[in-house]
Amino acid sequence: MARSRSGTRGRRGPRKPVRRDGAFAGGQVQSGDSRERNAIELPTTITVKELAEALKVNPADIIRELIKSGIFATINQLIDRDTASLVAGELGYEVAEAAVPAAPGSAEASGSDGAPAAATKEDLFEEDDASLLLPRAPIVTVMGHVDHGKTSLLDAMRSTTVAAGERGGITQHIGASEVVKDGRRVVFLDTPGHEAFTAMRARGAKVTDIAVVVVAADDGVMPQTLEAISHARAAKVPIIIALNKIDKPDANPDRVKNELSEAGVIVEEYGGDTPMVPVSARTRVGLDALLDMILLVAELQELKANPKRDAIGTIIEAELDKGRGAVATVLVQTGTLRVGDTIVVGDTSGRVRAMENDLGKRVTKAGPATAVVLLGLSEVPAAGDILRVVKDEKAARAMVDARKNIAASKAGEGPGRATLEDLYRQIQAGQAKELRIILKTDVSGSLGAITHALDQLDQVQVRINVLHQGAGDITDNDILLASASNAIVVGFSTRITETARRAAVSEGVDVRLYDIIYKLTDDIEKALSGLLEPEIIEVVEGRAEVRKIIRIGRNAIAGSYVTDGRLVRSNARVWRGGKIIATDRIESLRRFRDDVREVQKDFECGIGLANFNDFVEGDIIEAFSSQTVSRSALG
């Protein structure tokens, strides 16, 4: 949802950056039994209203404490964790330590949000012996609004480590490049922006460790800036803000910080956890500081890989060259790729004939976090396809044939992306209880009304996660983000562009257009009703009084009279003296000599239980069943 400025105004100094995992998406505060133990867990950012609900106090009490600290906040205004901790402390609460985010690729960091881990579409990264893991270089994607200086900043950083006479270090465009700082490598992906970044995620590849979002100091936060932030968050990678063009006379860093706060990105100077580094691509001011920050964030992630195993990587880009055949840029993520290796990429295969690095030089091997141009594939792969080294050509052919057969068998199944109908059914399969939404409206004023309506539907069991919101048409970027994040696109009084419509069809993205708010919320409510954990209730079918015991060998039949409801072959309890003495299952139910399925009230019957035979006259046999009931999202 839209976020407001924090108002902390640099009250704390910079802190070490941590992974930004969007821990507070959807407004859930993990307060637990805070009243009993006088402690509460807080997310990175929280609104005044949400903090009041977590502490179970009046929002006016929160606002009063904020005013004492010189912060004038409204009920819906966002404050950072440090500020919220101080307020909670003033009100007598102890704030629990911030949870340490899960390491990338761990069980905690994958699966629940739907974002695929690196190359896990086929579970390619098998467990490695920890003793074989060595530190690797971070892989960085630079994103941001057009004309904010992404390309010039990247070129400036590359040129700082390129020796003279290497033609600026850019002998060819291979989709990735390396920068060396103090003997440590950083790999930059030369994507045209968040579109390609997210397109690879949509295909199951996670190749980025850090996202650098470039914001021009003289222009501020723009629509594409917000999109870049949303895409980085959806990919669950830490964000570093590169405040570019600080050398311009009309640069206004404070304005940029405030606008970022309104977008929910709280920089360290405001007490948040997002690093911001002032830079100038033109004068090269701050480039070393930016590289140092990238290496620091990478160090906190403890990025490692096993260089001694067979290589696994991701295709960054590929094309058909008339002279050389299929040419692909691969980013090796673990293991070492060598000339002569037999490889499988998507549904094609081949043998590595040659490799070239980002300087155009021939190399014979490429280790983890290294990008190379590869020759030798029989066909052109797609960006995002996973490369894997296999034993021999026979194994490669078998793997490709198996993949093609699987693709053919699924061809008639239709798209596998999320739809509201699918979300309703996913409860049966025990899948994740989160509804991800990309929200677009005709004007920004409509966003507040719709997000407020969605807030009313948000539940503890089901989280509504608005990954991105904005005013304007539904575009290709919205479809890409929804495809990569398994989200639905909701539009209110807006339209979808023709290219976005075609992309939605090809990617299988569910797009819903509305012009009345209550129809929008009604559909979402129905989806949430299916997503909520069903309530299991017990239904008493009927009761019968035991009036005669019939012994048949070691078994006993209870001659009974149905006093209430009906008796059916179901679970049963035996009551005696107001207490339950047995819980069993009705195995036989008879009327005279006939087996029957049920016996109504005021009729006699013979009841046999599966494992209980110690009836006495006067016992009450109670038949009951369990039913699963879907709860209303508003209930």
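Hi everyone. A quick definition to start: pLDDT is the predictor's confidence in each residue, from 0 to 100. We need that because what you see here is a predicted model.

Let me begin with a stretch to handle with care. Over residues 99–125, pLDDT stays under 50. The model still has 48 contacts beyond four places in sequence for residues 99–125. There is another such stretch at residues 1–37, where pLDDT again stays under 50, and for residues 1–37 the model has 119 contacts beyond four places in sequence.

For the chain as a whole, mean pLDDT is 76, and 74% of the residues reach 70 or more. Which elements sit at the two ends of the scale, lowest and highest? Helix α1, residues 34–37, has the lowest mean pLDDT, at 37, while strand β11, residues 276–278, has the highest, at 95.

Strand β11 brings us to the sheet. Picture an open sheet of six strands, in the order β7-β8-β6-β9-β10-β11, with mixed pairing. The edges are β7, residues 176–181, and β11, each pairing on one side only. From one strand to the next, the twist averages 30°.

Now let's look inside that sheet. Strand β6, residues 139–144, pairs with strand β9, residues 210–216, in the parallel sense, over five bridges.

Methods. Residues are numbered from 1 along each chain as its sequence is written. This is a predicted model: local features need pLDDT of at least 70, side-chain atom pairs count only at pLDDT 80 or more; totals for chains, interfaces and linings use all residues. Side-chain values use heavy atoms; hydrogens and water are left out. Helices (H or I, at least four residues) and strands (E, at least two) are DSSP runs, numbered from the N terminus. Contact means heavy atoms within 4.5 Å. Two strands pair if DSSP finds at least two bridges between them. Axes are lines fitted to C-alpha atoms, for helices over the stretch in contact, and angles run from 0 to 180 degrees between N-to-C directions.
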